[in-house]
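Hello,

Here is the structure you will be taking over. My notes follow below.

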Amino acid sequence: PEGNWITRAPSLRRKTVLLAKVQDEAGHGLYLYSAAETLGVSREQLIDQLLSGKAKYSSIFNYPTLTWADIGAIGWLVDGAAIMNQVMLTRTSYGPYARAMVRICKEESFHQRQGYEILMTLCKGTPEQKAMAQDALDRWWWPSLMMFGPSDKDSPHSAQSMKWKIKRQSNDELRQVFIDRTVHQAEYLGLKVPDPKLKWNEQTQHYDWGEIDWTEFNEVIRGNGPCNRDRMAARRKAHADGAWVREAALAYAGKQAKKKAA
């Protein structure tokens, strides 16, 4: 979703930073594909599963980026939620995945700061710019909370993942930590979290929050989100358009191998 704003970034500095972030994210995909390959599946199989719709990807990618403020909200909220999940996974029981997460977390920390700085700049700007930041928070808050997965009582895999030490904290535990930290960051920006039931609980020393719309979450997972079809169409087109590059690379590698063998 952020790629749409590379050509529309408001300054050269913003464009170069966003380009660097997108490059990082592409690298993260390569790290995780490499980790998955250690389980015996090939890169080609993984890509085919993605393009066919068999493989799942994060639900958050199926929401549109309507304004530049969305790029800030994605960095602050989406990457912030990702870090919350991924820091835990640096200690997961599966070594290749844990090692990949160490570098990913370092880069995601930069992404989160970049997003927060965008929103801070907007909030210090004109009333229209601050309203744009608030609108982005309103639209990205709930999808970001959904990134932690279903509630513990409804999650089909959490118990097994915790037993095998793949996960070290439950979905709801991570979601609570994220909310507790992020509310204060929103207040510093002068923005209001779009949850009328959000309030501090003196007894638990945590924030209580409203009910997440799990119907929306499940619809997005099933492929019926705002941008599911557009995202998959773009991926398939990119894969088809890049076929000649893959073929040329294989042909070149073949020629080099023959030269060495001669």
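Arg8 sits over the face of Trp5, 4.0 Å from the ring centre. A charge counts as over a ring if NZ of Lys or CZ of Arg is within 6 Å of the ring centre and within 35 degrees of the ring normal.

This is a predicted model: local features need pLDDT of at least 70, side-chain atom pairs count only at pLDDT 80 or more, and totals for chains, interfaces and linings use all residues. Residues are numbered from 1 along each chain as its sequence is written, and side-chain values use heavy atoms, without hydrogens and water.

Next, aromatic pairs. Rings of Phe, Tyr and Trp (its six-membered ring) pair if their centres lie within 6.5 Å; planes under 30 degrees apart are stacked, over 60 edge-to-face, the rest tilted. The count is 8 aromatic pairs. Tyr57 and Phe61 are stacked, 6.5 Å centre to centre with 20 degrees between the planes. Trp200 and Tyr207 are edge-to-face, at 5.0 Å and 75 degrees. Tyr207 is buried, at 8% relative accessible area. Buried means under 20%, exposed over 50%, partly exposed in between (1.4 Å probe, protein chains only). Trp200 is partly exposed at 34%. Trp141, Phe148 and Phe178 form one aromatic cluster.

Now helix H9, residues 228-241. Helices are DSSP runs (H or I, at least four residues), numbered from the N terminus. Asn228, Arg231 and Met232 are buried in H9. The buried residues of H9 pack against helix H2 (43-52) and helix H8 (214-221), with contact meaning heavy atoms within 4.5 Å. The face turned away from the buried side of H9 carries the exposed Arg229, Asp230 and Lys237.

Best wishes

Conventions:
Helices (H or I, at least four residues) and strands (E, at least two) are DSSP runs, numbered from the N terminus. The expected span of a helix is 1.5 Å times one less than its number of residues.
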